[in-house]
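Here is a short report on how two chains meet, followed by a look at one residue. Keep the structure open while reading.

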There are 2 protein chains.
Amino acid sequence: MKPESRKQEIVNAAAILFKEKGYSAVTMRDLATAMGIKAASLYNHIQSKQEILSTIIIELAEEFTTGMNLIVNSDQSAIRKLENIISLHIDVTLRNADGLASLNNDWMHLEEENLLSFEKMRNDYEENFRQIVRKGVDAKEIKSNNIEIIVFSTLSTLRTLYLWYPKQKNIDAGILKKDMIAVLLQGVV
Amino acid sequence: MKPESRKQEIVNAAAILFKEKGYSAVTMRDLATAMGIKAASLYNHIQSKQEILSTIIIELAEEFTTGMNLIVNSDQSAIRKLENIISLHIDVTLRNADGLASLNNDWMHLEEENLLSFEKMRNDYEENFRQIVRKGVDAKEIKSNNIEIIVFSTLSTLRTLYLWYPKQKNIDAGILKKDMIAVLLQGVV
DNA sequence: TTATCAAACTAACAATTGTTAGTTTTGTTC
DNA sequence: GAACAAAACTAACAATTGTTAGTTTGATAA
């Protein structure tokens with residue numbers, strides 16, 4: 001066990017609180033109480049409340065961006081790429097479910113460059129996703145229902161994993177991936 | 001066009017703001033500015049900020065509860081029931097996409113009885129959903145992947161419709177329902 | 001012991017929050 | 001135009017917000 005830096009401990013505690021009540025509803029005093037210290041003491045380790053949020057979100061966004069780039073540039077079928085995307089989301093969710101709450105619900109409270117860079121990463125991510133599906137349809141690997149609906153429904157599910165996963169007890173990552181791939185790609189009927 | 005009550009206008013304006021920034025980050029002065037009046041004037045029409053939130057959420061929750069009860073008690077196949085649930089979500093979303101943002105993201109800021117009654121409605125809703133899927137699996141209508149994953153993935157998509165639908169231009173409700181049913185039930189492969 | 005440094009503390013600030021009280025404006029009805 | 005109600009206003013409040021300044025504590029190294 002490598003000891004976590006005090007800052008990282010604060011960021012982790014904040015992610016849990018942000019998940020429960022949202023960024024705006026969590027006060028620095030709430031966070032300090034959760035850490036067992038006074039609010040002012042937090043500022044020995046972090047620069048601002050905003051810095052906590054951006055630390056949580058940007059790091060996760062970069063993980064997704066890196067993962068997606070690897071997948072997009074790989075030489076695989078569209079279906080395989082979709083499977084890898086599902087796997088990526090599950091991996092990130094298992095590692096940091098709390099932080100994903102902020103990424104999903106509080107990104108709009110980012111400021112300046114962080115907001116812009118987040119929005120760019122998210123748009124690029126979605127565009128990559130869309131392109132994979134499009135190519136899959138062209139290659140007749142994927143049913144040409146409505147491409148936008150496929151992208152939307154798959155991404156909705158993957159983005160909500162952070163809420164659902166913690167409620168499942170002792171679920172194995174490998175089984176989860178297999179089942180999720182089956183449901184999302186082969187359907188339920 | 002029936003004239004909306006001033007209170008309803010305020011609630012509608014609030015729903016839009018809550019969607020953009022979340023309940024906690026929207027101040028009564030923000031809302032007043034959006035209405036073109038001063039913050040204090042809002043209180044001629046509403047009792048509190050909290051009342052606005054509960055008006056938005058409880059009404060929607062009751063719509064879902066009513067709709068779900070009709071479907072559960074109907075005499076149809078499990079697949080048909082799932083189709084009707086999809087249809088229900090689309091109908092509610094088309095009618096009040098803004099309010100659904102609060103229902104999805106700000107329900108935890110409800111207080112007292114409203115919080116309890118919301119949580120009960122949501123749990124009952126999910127339990128009904130789960131039971132329909134379970135019966136469908138028993139009747140061999142539905143593939144027995146992982147029931148929890150089916151419930152989760154379908155519900156995730158339906159709950160996120162409020163974000164996606166407004167970005168689609170001039171999409172016909174009937175076509176949307178058909179396509180959504182196809183993707184969610186028959187899959188994409 | 002002494003010096004050092006991270007990490008806690010107390011005390012306070014200026015700004016913002018939801019809300020109230022009391023008053024004025026606006027528009028409709030007799 | 002008098003009367004009335006709806007809906008706006010001004011002014012202020014007590015509480016809470018993120019944050020800063022300066023100080024004390026506690027452990028480690030010299």
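Across the interface of chain A and chain B, zero salt bridges are found. This is a predicted model. Polar contact does occur: seven residue pairs between chain A and chain B make it, with both residues at pLDDT 80 or more.

Which helices of chain A supply at least two residues each to the side that touches chain B? They are H1 (6–21), H8 (147–164) and H9 (173–186). H8(A) gives the largest share of that side, 10 residues.

The contact draws 35 residues from chain A and 35 residues from chain B. The area buried between the two chains is about 3300 Å². Carbon and sulfur atoms give 65% of that area.

Now to one residue of chain B. B:Ser102 sits in helix H6 of chain B, which spans residues 97–105. Is B:Ser102 buried or exposed? B:Ser102 counts as buried, because its relative accessibility is 0% and the cut-off for buried is under 20%.

What does B:Ser102 touch, leaving out residues up to four places away in sequence? Its contacts are B:Phe18, B:Leu53, B:Ile56, B:Ile57 and B:Trp107.

Note on methods:
Residues numbered from 1 in each chain as written. Chains lettered and ligands numbered in written order. Predicted model: local features only at pLDDT ≥ 70, side-chain atom pairs only at ≥ 80, totals over all residues. Heavy atoms only, no water. Contact = heavy atoms within 4.5 Å. Buried area = accessible area lost by both parts, 1.4 Å probe. Salt bridge = Lys/Arg side-chain N within 4 Å of Asp/Glu carboxyl O. Polar contact = N/O pair within 3.5 Å; in protein donor to acceptor, adjacent residues only side chain to side chain. Helix = DSSP H or I, 4+ residues; strand = E, 2+ residues; numbered from the N terminus. Buried < 20%, exposed > 50% of the residue type's maximum accessible area, 1.4 Å probe, protein only.
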